[in-house]
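Here is a briefing on one model.

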Amino acid sequence: MKAILNDPAGAVIGLDFDGTLSPIVPDPAEAVIHPEAPEVLAALGDHVRAVAIVTGRPAATALELGPGLAGVPGLVVLGHYGFERWEGGRISAPPPPPGVPRAEAELPLLLDSLGLSEVSVEDKHRAVAVHTRRAPDPEGALAALREPLAKLAEKHGLVVEPGRMVLELRPPGMDKGQALSLFLAERAARSVMFVGDDLGDLAAFEAVRASGLPGVTVCSGSAEVTALAERADLVVDGPDGVVELLGELVAAFGRL
Ligand SMILES: O=P(O)(O)OC[C@H]1O[C@H](O[C@H]2O[C@H](CO)[C@@H](O)[C@H](O)[C@H]2O)[C@H](O)[C@@H](O)[C@@H]1O
């Protein structure tokens, strides 16, 4: 944190979206960014080398659920765990993986055969997520789905990304750690902070450590995921705590 405060112009601030900038809600389509986040990120963007949102969401979805984000100076959104990039209004991405629609087509029958028709499927185009949060027994449904979804993913050349009451089938070859490492190198960062809440963010925590830069890992804490808090330098109280921390950083920069 000291390095970031002493030299904000060299700092890259990486942030996850769901559970970090946006409070967790039952329906993924109804998630919305914390009301104070766009303003605080905009203020942060004026001081630091770059603000990057690194998310499992498609980049365009993060921007839709985060009105005001597009105005954050220099913002980069690395969507789909880094496969996709939004910057200055443009999205770049590799061709969509053919395994995703094939796996998705098999899902209804599979879910029926498991008696899990109450779970919900989120079509993310480059990935497909199976959510159990709104099922009668979310943990039980998640456990019942692990093995069948692992087999389905393997059959179609995909991997399973586990998260908060969700198992996502997505292409291999990228994760938030690789995405963050590439971004740090591209921006010649002199320090780094990464803020996340879920298992997918562990790779980014590792990337902070592997970068050799002065860095700080921050967990947006919840009772649902403890693995991240155990590995974080700092734990704050969910998206409210994240916004408060970022606000404190901005205030400190203002005093420099
Ligand atoms: O990398 P992230 O930005 O954290 O995205 C990870 C997944 O987040 C979303 O699901 C989570 O948030 C939902 C809305 O609050 C919640 O209902 C769900 O239980 C959480 O797992 C999103 O729907 C997924 O596609 C993302 O991969």
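Domain bounds here come from an automatic or database domain assignment. On that basis the C-alpha centres of domain 1 and domain 2 lie 26 Å apart. The model is predicted: local features need pLDDT of at least 70, side-chain atom pairs count only at pLDDT 80 or more, and totals for chains, interfaces and linings use all residues. Residues are numbered from 1 along each chain as its sequence is written.

**Domains**
- Domain 1 covers 2–94 + 173–254, and domain 2 covers 99–170.
- 14 residues of domain 1 are in contact with 14 residues of domain 2 (contact: C-beta atoms, placed from the backbone, within 7 Å).
- The side of domain 1 that touches domain 2 has 8 nonpolar, 4 polar and 2 charged residues (nonpolar: Ala, Val, Leu, Ile, Met, Phe, Trp, Tyr, Cys and Pro; charged: Asp, Glu, Lys and Arg; polar: the others, Gly among them).

**Ligand**
- Around the ligand are 24 residues, of which F17, D18, P28, T55 and G56 come nearest (near: C-beta atom, placed from the backbone, within 6 Å).
- The shell divides into 9 nonpolar, 6 polar and 9 charged residues.

**Helix pair**
- Helix α4 (residues 99–113) and helix α5 (residues 138–155) pack at about 150°, with axes 10 Å apart (helices: DSSP runs of H or I, at least four residues, numbered from the N terminus; axes: lines fitted to C-alpha atoms over the stretch in contact, with angles from 0 to 180 degrees between N-to-C directions).
- A103, E106 and L110 of α4 meet P148, L152 and A153 of α5.
- By class, this contact has 5 nonpolar, no polar and 1 charged residues.

Technical notes: Two residues are in contact if their C-beta atoms, placed from the backbone, lie within 7 Å. Helices (H or I, at least four residues) and strands (E, at least two) are DSSP runs, numbered from the N terminus.
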